[in-house]
Amino acid sequence: MRLGIDFGTTNSAVAVLDGSGTPRMLQLARGQPTQRTVIYADPEGNVHFGSEAFTAYLDNDLQGRFLRSLKAFLPHDVPNTTLGRRSFSFVELVAAYLAFLMRRASDQLGQEVTSVVVGRPVQFHADPDRDDFALTQLQAAIEAVGLPNVTLQLEPVAAAHRYEHALTEDRTVLVGDFGGGTSDFAVLRVGPGRVGTDRTADVLGTSGVPKAGDVIDGRFMGAFVLPFLGRGAQFVPRGQRTPREWTPQLLDKLGKLYDLHRLRDPELERYLRYVETKMEDPAPARRLRRLVFDDLGYPMAHAIESSKRALADADEAVFRFDEFYSDELDIETEVSHPALRQACEAELQDYSDAIDRVLADSGLSATEVDEVFLTGGTSQIRFIRGLFADRFGASKMRSSDAFTTVCEGLALS
């Protein structure tokens, strides 16, 4: 019995391939084929994993230690973290989460797991040294868990293997896998005539961009939310009488919502409390202080995700955030698909360049690609799908379940 483990930036999952020949997702919790990639230590020191961790975090009024987007930190040398009265190295944290996935999987399986395939992006980081370091850390975490007969598979290649499962003829496919932290591309030969053969030569080209859902969340923040957190606000500097625009570098750091905990220090809190007294309208500084020091990065990301989903079907939507424990600080504002697209122009260019690279690597032109298969939660954004439709033609566009395709493909790989 083979397992596929999709260790994702935002969500993770496990699929199994047994005698049926068709992969199936394991329900790691009732009715949940995916689990949030989060770890939480409550105020009593109990450590929770996955979606249960998120629920416990809410039940404890956001008190305790909450860790998210672990995969995004793989390229970095992260210091030890205290969690539940114990100090963990970063590799130990990743290993603990992978062990949680394996425990949940084992609870449902009555057979021995003989092999495991773990997904990895084409590129963890643009810096080759950091990219290598990320792979080393992931391999060390896998080794620490003691998974049997482990192999690593590129996530877009896994997605192609799942897509291939439903084909009736061989095709040349470009796969785009857009997750929370990375966007990966591959051109492959797939189809019933390829199954059971050595697949090495089927991968014609790959490319990757270490930017995906988390970066787009940051662009959303910049386009729609930062004015409510102080961008453009007027304040009176110490020793002056004339107000001027408040332009702290802090606002530029809010794009990485999963990293807000690193901003917390007493000096910053004192500064923000001081700024509140010097602003014509103190609400923005008060919201900003609570966002950082009440650890509201994850609820903010969740609210942004809700608006992004709404914009998948409409040109306009309403963004709401009411987690500041004060009605007067609630945020409600209109957001639009065109404005978000404009804010993401740099990312769209990065994706277009990656398409150029994967085509060049494969030696094919856009016309020689039979189909384009997109997967991953971020692939649901209309302007991302539009980028591929414009390049390859709308008739070639294909998709399936955005959140399970890679995992099922890993079990097949």
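**Pockets, cavity and salt bridges in a predicted model**

Q: Which residues lie nearest the centre of the largest pocket?
A: This is a predicted model. The lining of its largest pocket runs to 42 residues. Those nearest the centre are T10, N11, E305, G377 and F403.

Q: Which element gives the largest share of the lining of the largest pocket?
A: Several elements each supply at least two lining residues: β2 (11-17), β4 (35-36), β12 (171-178), α5 (213-225) and α8. The largest share is 6 residues. That share comes from α8.

Q: What is the volume of the second largest pocket, and which residues lie nearest its centre?
A: Its volume is about 750 Å³. The lining is made of 33 residues. Nearest the centre are D214, V215, G255, K256 and Y258.

Q: Which element supplies the largest share of the lining of the second largest pocket?
A: By class, this lining has 15 nonpolar, 9 polar and 9 charged residues. The largest share of the lining is 6 residues. The element that supplies them is α5.

Q: Which elements each supply at least two residues of the lining of the largest cavity?
A: The cavity is lined by K308, L311, A312, H337, L340, I381, R382 and F383. By class, that is 5 nonpolar, 1 polar and 2 charged residues. The elements that each give at least two are α8 (297-311), α9 (337-343) and α11 (382-392).

Q: With which residue does R382, from the cavity lining, form a salt bridge, and how many residues apart are the two in sequence?
A: R382 lines the largest cavity. Its side chain meets that of D315 in a salt bridge, 3.1 Å from N to O. D315 sits in the loop between α8 and β17 (316-321) and R382 in helix α11, so the pair ties together parts of the chain. The partner is D315, and the separation is 67 residues.

Q: Are D315 and R382 buried, partly exposed or exposed?
A: Buried means under 20% relative accessible area and exposed means over 50%. D315 has 46%. R382 has 29%. Both values fall in between, so D315 and R382 are partly exposed.

Q: Why are E269 and R273 separated by about one helical turn?
A: E269 and R273 form a salt bridge, with their closest N and O atoms 3.6 Å apart. E269 is partly exposed at 27% relative accessible area, and R273 is partly exposed at 44%. Both residues lie in helix α6 (residues 266-278). They are about one turn apart because their spacing in that helix is 4 residues.

Q: What is the N to O distance between R341 and E345?
A: R341 is partly exposed at 35% relative accessibility. E345 is partly exposed too, at 39%. Their side chains meet in a salt bridge, and the N to O distance is 2.7 Å.

Q: Which residues are linked in a network of salt bridges?
A: The whole structure holds 23 salt bridges. Some are joined in a network. Its members are E169, R171, E371 and R398.

Q: How many disulfides are there?
A: A disulfide is a covalent bond between the sulfur atoms of two cysteines. C344 is buried at 0% relative accessibility, and C407 is buried at 0% as well. A disulfide needs cysteine sulfur atoms within 2.5 Å. By this rule the count is 0.

Q: Is G205 buried or exposed, and which residues does it contact beyond four places in sequence?
A: G205 lies in strand β14 (residues 203-209). Its relative accessibility is 3%, so G205 counts as buried. F185 is 20 residues away along the chain, with a C-alpha separation of 8.2 Å. Beyond four places in sequence, G205 contacts F185, A186, V187, V358, D361 and S362.

Q: Which residues does Q153 contact, leaving aside neighbours within four places in sequence?
A: Q153 belongs to strand β11 (residues 150-154). At 18% relative accessibility, Q153 is buried. Its contacts are V117, V118, G119, R120, A158, H161, L410 and S413.

Notes
Residues numbered from 1 in each chain as written. Predicted model: local features only at pLDDT ≥ 70, side-chain atom pairs only at ≥ 80, totals over all residues. Heavy atoms only, no water. 1 Å grid on protein atoms, 1.4 Å probe; cavity = no way out; pocket = protein on both sides within 12 Å on 5 of 7 lines; lining within 4 Å. Nonpolar A, V, L, I, M, F, W, Y, C, P; charged D, E, K, R; others polar. Buried < 20%, exposed > 50% of the residue type's maximum accessible area, 1.4 Å probe, protein only. Contact = heavy atoms within 4.5 Å. Salt bridge = Lys/Arg side-chain N within 4 Å of Asp/Glu carboxyl O. Points joined across faces, edges and corners; volume = space filled by probe spheres on them.
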